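Hi,

Here is the structure I promised to pass on.

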Amino acid sequence: MILDYIILQCIKKIKSERSTASIFHLLSGKRSAQTLQDANMYELTAYFGIYKGMHRSLFQQQIYELQKKKYITLDSQDNAHITGDGDAFLKKEEYNHLIKDLNGMEYTRNSDLLWLRLQLWIQTYTNIAHNNYFFVAITDNKEVQSWVKQHYSKYNVYIKEWLTGVYQELEYFLKQIDSLLADLFVERLSGYKKIGLTKDQLAKKYYVKETDIHIYQTIVIHKLIVHIESNYNNLKYIQCFYTDINSAEKFMTDSAKKTNRWLNKGFDLNHIAKIRNLKISTIQDHVIEIAFTDSDFVITQFVEQKTIDTIITAVKQLDTTKLKQIKNYLEGRYSYFEIRLVLAYSKTKAIGGE
Amino acid sequence: MEDLETLLYRYFGFNSFRTGQKEIIEDVLAGHNVLGVLPTGSGKSLCYQVPAITLGGAVVVVSPLLSLMSDQVKQLKARGFKDVVAINSFVDYKERHILFEQLETYKLIYVSPEMLQNEQLIKRLKLMSISLFVIDEAHCISQWGHEFRPDYLKLNTIIQALKYPPILALSATATPEVQADIITQLDELPFNKHVYPMDRTNIAFSVQNCQSKQDKINYLEEVLTTFPVPAMIYFSSKKEAELVARILDEKLRNLRVSFYHGGMDPLDRTLIQQQFMKDQLDVICCTSAFGMGIDKPNVRLVVHYHIPTQIESFIQEVGRAGRDGLSSVSLVLYAPFDDLLPKRLIESELPKEEQITSIVNALEQVATSDQTQALNSHTLIMERFEINEVQWRFLQFQFEKHDMIKKNQFMPIYNKRIEVIESIKQKIEERNHYKMKKLQEILAWVSGTSCRREQLFHSFQTTIKTPDFLCCDLCDFSFQKWEPLIKSSQTETTSWELELAALFLQQGAENET
């Protein structure tokens, strides 16, 4: 149900300007320029990558169910339109208290790492505290394994203190959140003589859909990150699972990062396309991605201030982000690249739209 | 050097060797080539893991079972043996490169037969001192083995390239015919044979004829209600395994039932496996993907909801019951038309004869055109002709044999085309015929009328041991007479607060040990 709710919210914000596939890419966190732009453009960054590894067929099933419930209709281009019933379901705001801490764009990478570290650390320390050194690690992730190893080699004389400390801080955190979230969190953990439950098992036990289990799990971890960030000075133990991953770079595709480096060296777009042996349109995509991610990015190196103003006025008047409509309205005087760039710019500066 | 028993205890936690292990290990350490045929569950892997610890140089293990490989690597690492690595298609290109660079730091190297075709790897291995070359699942080398792997036929060239290190060939299911073939394929090198009987004296056999799916489920429910014991139920279909697991879980409230198959995500697979190992789960509905490398001692009942395609797999799967030596049962549920599913499986393992002409013609076109394509475009061929990975493996081997593929390039064969097409078609017919014959064997066993134990093992060994408990439903077995060890398993519902505290050894944790 919560996944339905989130998908419905995406459909509403996208205003039928994109196909449902774009929502699938958003939720599964596809690192393409298009998906990152969509996330920014439609203010859906909170949901970016909150359901990694989702199968396409599973997503289609969700869309089908929304259709069956008459919350949405689909047109011939596979663009979804929200119905009155769908709107009413959203208005109930049933899940808002759960969703409000989601911050996919910002947390998606870190949250996976944090969750794996926490799970493997707990498995390792509780087993070792019982003098059991033989257990099958719940994750093969080398980065996570070596992090736990390092932690252990540093603190192996203080195992009891660490277990108590992490326990107290986790308990304090879990007491503040929805009890279902706390249940799911604890049941998933593995440790000495306790193997965590699979998502399928959790779903059965708590009468929640398996797809929702996934979303709930993402929510707990995002809430935990918010908790750590806002209580940083009071948390002696659990903050260490997070601090050193927090410094990760802002989200940008690797290719866009490269283009950005060339731009900073003062090369123009044609030149960069030649050097990197890429099409000029690809480099333009990168520029737009950079404009979305970096709020200090100066776009007047590509479009004049006058053009920017004209396009923003048009967007406001039309109340749309559909490129073709904008282009036609401005009688084709500006290229798609210019329009997209201005749209990106206006999003980061929070002007236009609304 | 410390004696083998001390070493066994230190690294593996066992006090004594199981039947055959010590004899094989001593022979291996003496530098002989050894062919070992040991029943499933007898700890075959120990036969090379112990030498890997004691011998200088590296031990290379060729195994076709990728999940077994990574399970064993995990378990060895968990036991503190760190110089172990698995090289297979799960390892991505970048990581593989790094592994090759530091290959000589490992003492135990698991490798898939496909990966052994990698020239870079062979180059690396040639620079190292290989103290033992292990061929796991050695029956795969034989055309008469039920799991024939074309890549295994190339092992003799590799052994030659490595200047003939001592060889250990291991199998759990090699008939005398297959044993002889293994040695032939390995250039008739001198081998010391260690063959141990397959029959396990603590497992009784039973076949239940059912009328329908529903009938099977009802029967299972009845058996598991009377005997709430750790059980594995084998299926040939992932979907059905999930479905029946859900039904049983609902009906059997005092048992914890779950499913396992290759389509699940890796973390869930690890969790289910570990839950079953730690007795947090009682019944597992699974496909053949489950169980390899799992050494759970107290599985009391192994059910075949679907029959496998040949006796060898059946014996292997049944062998997961009663490893602790206590009374255990193999139960086969058989309904009318149950022969259709394995028949379909067999057909899907080979390309259709009608496809061959068009595939060969298409490849000839690629080969004679200007651009020669790399073989990694095989995914394109697979897509275009709708053939699966297993079918492609077969075709690739045939193409290599007929010089249509050389060094990963398609080569023109011109007027030899018709001859090649006929030859491949004939091979397909032969293989299909052979597999259908194997299927007939197990079907005959299911509908047999004399002692199941004798019928099952007579092609593997000459004498059958007397069972410790009951024999089979055609001799003396019935569920009324079965007296397995039943431990009550209680699932208490607690709050997350209590569970978290227990996990972190807070409060009341002291009275646990």
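Helices (H or I, at least four residues) and strands (E, at least two) are DSSP runs, numbered from the N terminus. Please keep in mind that this is a predicted model, where local features need pLDDT of at least 70, side-chain atom pairs count only at pLDDT 80 or more, and totals for chains, interfaces and linings use all residues. Residues are numbered from 1 along each chain as its sequence is written, chains are lettered from A and ligands numbered from 1 in the order in which they are written, and side-chain values use heavy atoms, with hydrogens and water left out.

Now to strand S13 of chain B (residues 328–334). Strand S8(B) (residues 203–209) runs parallel to S13(B), and seven bridges join the two. On the other pairing, S12(B) (residues 301–304) is also parallel to S13(B), with four bridges. Ser330(B) is the bridge partner of Phe205(B), and Val302(B) stands opposite Ser330(B) too. Between S12(B) and S13(B) the chain passes through helix H12(B) (residues 311–318) in a right-handed β-α-β crossover (with the strands pointing away from the viewer, the path from the first strand over the helix to the second runs clockwise).

How many residues of S13(B) are buried? Seven of the seven are, so the strand is largely enclosed by the rest of the structure (buried means under 20% relative accessible area, exposed over 50%, partly exposed in between, with a 1.4 Å probe and protein chains only). One side has Ser328(B), Ser330(B), Val332(B) and Tyr334(B), the other Val329(B), Leu331(B) and Leu333(B).

Next, the charges. There are 39 salt bridges over all chains (a side-chain nitrogen of Lys or Arg within 4 Å of a carboxyl oxygen of Asp or Glu). Here are some of them:

- Lys74(B) and Asp140(A) pair at 3.9 Å, N to O. This one crosses between chains, from helix H4 of chain B to the loop between H7 and H8 of chain A. Lys74(B) is partly exposed at 21%, as is Asp140(A) at 49%.
- Lys175(A) and Glu171(A) pair at 3.3 Å, four residues apart in helix H9 of chain A. Lys175(A) is exposed at 53%, whereas Glu171(A) is buried at 19%.
- Glu400(B) and Lys154(B) pair at 3.0 Å. Glu400(B) is in helix H16 and Lys154(B) in a loop, so the bridge ties together parts 246 residues apart in sequence.
- Lys12(A), Asp87(A) and Lys91(A) form a salt-bridge network.

Cheers

Note on methods
Pairing = 2+ DSSP bridges.
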